[in-house]
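Subject: Handing over a structure, with notes

Dear colleague,

I am passing this structure on to you, and my notes on what was found in it follow directly below. Please read them with the structure open beside you.

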Amino acid sequence: MAGSEPARSAAGARFPRLVLFDLDGTLLDSAPDMLAAVNALRSGRGEDAVTLAQLRPHVSRGARAMLAASFPALDDAGREALVQPFLDAYEREIGLHGRPFDGVEDMLATLEADGARWGIVTNKPEYLARQVLPALGWESRSAILVGGDTLAERKPHPLPLLHSAQVLGFEPSRCAYVGDDERDIVAARAAGMPSVVALWGYRLRDDDPVAWQGDVMAGAPRDLLDPSVWPVPARAAASP
């Protein structure tokens, strides 16, 4: 696979030739869309709305975590019965409230200007993830999109990252993965792919991103405009 990678310039650092991103909480602040979906369900049940501050920390952990936070009085079976109605409500809200995090567009444009490619590996169902991209103009820019149901495994399993690198012709060790959840970093480490912890994303109060042992911790997307910030293994010079 390495033979298909463009050679790096010997003068100065460049960005990894392939950067894969988590979607919710990393590229996209989708919490407002999720909040609208949750509150549509709560309204239908005659319950008061929850706040963005209550829901935001749970977004990266998926539908079931958001439902657990939003409907704490329900048992597991009751919340499970709400999963599909929640996804249906979210589908109606996609793109209406959320937006890319500040600095994300600059970061993606900088990668592209350097000749790097980028793609998305998310645990969101693929059919929903694909609906996000057109409004952002990302459907023709993202080199690959792998959802949580695209393959037999999802993060924290490394398969989605390994699959993406293989499809695009890159060695995992020469890519980078950026995510805001521990599962992202676990998946990257298992794939042998350098990782960046997106500290601007969604985390619970007791989460300790230092303990995730990512290769780089970035406080904001604009921190990643500097190629020297990226994990060193991904910036190593390519063989001729």
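Strand 4 is mostly covered, since four of its five residues are buried, where buried means under 20% relative accessible area, exposed means over 50% and partly exposed lies in between, using a 1.4 Å probe and protein chains only. Helices (H or I, at least four residues) and strands (E, at least two) are DSSP runs, numbered from the N terminus. Please keep in mind that this is a predicted model, in which local features need pLDDT of at least 70 and side-chain atom pairs count only at pLDDT 80 or more, while totals for chains, interfaces and linings use all residues. Residues are numbered from 1 along each chain as its sequence is written, and side-chain values use heavy atoms, with hydrogens and water left out.

Strand 1 (residues 18-21) is joined by four bridges to strand 4 (residues 117-121), and the two run parallel, with L20 standing opposite G119. Four bridges also join strand 1 to strand 6 (residues 175-179), again in parallel, and here V19 stands opposite A176. Both faces of strand 1 are covered, L18 and L20 being buried on one side and V19 and F21 on the other.

Strand 4 and strand 5 are held by two bridges and run parallel, with L145 as the bridge partner of I120 and V146 standing opposite V121. Together with helix 7, these two strands make a right-handed β-α-β unit, a crossover being right-handed if, with the strands pointing away from the viewer, the path from the first strand over the helix to the second runs clockwise.

Turning to the aromatic residues, the structure holds four aromatic pairs, where rings of Phe, Tyr and Trp (its six-membered ring) pair if their centres lie within 6.5 Å, and planes under 30 degrees apart count as stacked, over 60 as edge-to-face and the rest as tilted. One of these pairs is F15 with W230, which is edge-to-face at 6.3 Å centre to centre and 85° between the planes. This pair links distant parts of the chain, as F15 is in the segment before strand 1 and W230 in the loop between strand 8 and helix 10 (232-235), 215 residues apart. F15 counts as buried at 5% relative accessibility, and W230 is buried with a relative accessible area of 1%. The rings of W118 and W138 have centres 5.9 Å apart and planes at 85°, so this pair is edge-to-face as well. W118 lies in strand 4 and W138 in the loop between helix 7 (126-136) and strand 5, so the pair ties together parts that are 20 residues apart in sequence. W118 is buried at 1% relative accessibility, and W138 is buried with a relative accessible area of 0%. Ring pairs also link F21, W118 and W138 into a cluster.

A nonpolar core is a set of buried Ala, Val, Leu, Ile, Met, Phe, Trp, Tyr and Cys residues joined through side-chain atoms within 4.5 Å. The largest one here has 50 residues, and those with the most contacts inside it are F21, L27, F86, W138 and W230. Helix 1 (residues 31-44) gives the largest share of this core, six residues. There is also a second, separate core of 15 residues, which includes L18, L20, F170 and A187.

Finally, D184 has its place in helix 9 (residues 182-191) and counts as buried at 3% relative accessibility. Leaving aside its neighbours within four places in sequence, D184 is in contact (heavy atoms within 4.5 Å) with D22, K155, Y177 and G179.

With best wishes

Methods
Pairing = 2+ DSSP bridges.
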